[in-house]
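I opened a new structure today and kept notes as I went. Here is what I looked up.

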Amino acid sequence: VQLQASGGGLVQAGGSLRLSCVVSGSIFDINVMGWFRQAPGKEREHVATITWSGRATYYTDSVKGRFTCSIDNARNTVYLQMNSLEPEDTAIYYCAARYGGLVASTTALNPSKYPYWGQGTLVTVSS
């Protein structure tokens, strides 16, 4: 399974960005896609998760109401629409894939439980 993330950039506070993650390879059994981020000096943290069907999503509290995760199965692409961005959202954003699990399970929120990762895309929010 290969993941290719894109869409990061520099944006002013209050602005928007949309990240994309194209998934290829043996995707048949993928069940959960995750977005994680890592700010300088901090651990990688969960942002959002979505089932491959798109029927279920889960967001960390700090992004609820601002970020929306969606999936286009025809394009094997997962999106993270980020609105009302804040300087605290500055980080490298990664997409990840795993087999099995639920979007809000302890496993799904743990980056170490994802075997497949994209290369990361940098999001910088200026104040």
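**Ground rules.** I am working with a predicted model, where local features need pLDDT of at least 70, side-chain atom pairs count only at pLDDT 80 or more, and totals for chains, interfaces and linings use all residues. I number residues from 1 along each chain as its sequence is written, and side-chain values use heavy atoms, with hydrogens and water left out.

**Chain start.** I began with Val-1, which sits in the segment before strand E1 (2–6). Strands here are DSSP runs of at least two residues, numbered from the N terminus. I then listed contacts, meaning heavy atoms within 4.5 Å. Leaving out residues up to four places away in sequence, Val-1 touches Val-23, Ser-24, Ser-26, Ile-30, Tyr-99 and Tyr-116. I also checked Val-47: its C-alpha atom is 21 Å from that of Val-1.

**Strand E4.** Next I turned to E4, residues 30–38. I call a residue buried under 20% relative accessible area, exposed over 50%, and partly exposed in between (1.4 Å probe, protein chains only). Seven of the nine residues in E4 are buried.

Which strands pair with E4? Pairing takes at least two DSSP bridges between two strands. E4 pairs with E9 (residues 91–99) in the antiparallel sense over eight bridges. E4 also pairs with E5 (residues 45–51), antiparallel too, over six bridges. I found Met-33 opposite Ala-97 in E9 and opposite Ile-50 in E5. E4 and E5 form a hairpin with six residues between them. In the turn, Gly-41 has a positive phi of about 80°.

**Rings.** I counted five aromatic pairs in the structure. Rings of Phe, Tyr and Trp (its six-membered ring) pair if their centres lie within 6.5 Å; planes under 30 degrees apart are stacked, over 60 edge-to-face, and the rest tilted.

Phe-36 and Tyr-114 are edge-to-face, 5.0 Å centre to centre with 75° between the planes. Phe-36 lies in E4 and Tyr-114 in the loop between E9 and E10 (116–117), so this pair ties together parts 78 residues apart in sequence. Both residues, Phe-36 and Tyr-114, are buried.

Phe-36 and Trp-117 have ring centres 5.2 Å apart and planes at 50°, so I logged the pair as tilted. Trp-117 is in E10, so the pair with Phe-36 in E4 joins parts 81 residues apart in sequence. Phe-36 has 0% relative accessibility, whereas Trp-117 is partly exposed at 25%.

Ring pairs link Phe-36, Tyr-94, Tyr-114 and Trp-117 into a cluster.

Notes: Helices (H or I, at least four residues) and strands (E, at least two) are DSSP runs, numbered from the N terminus.
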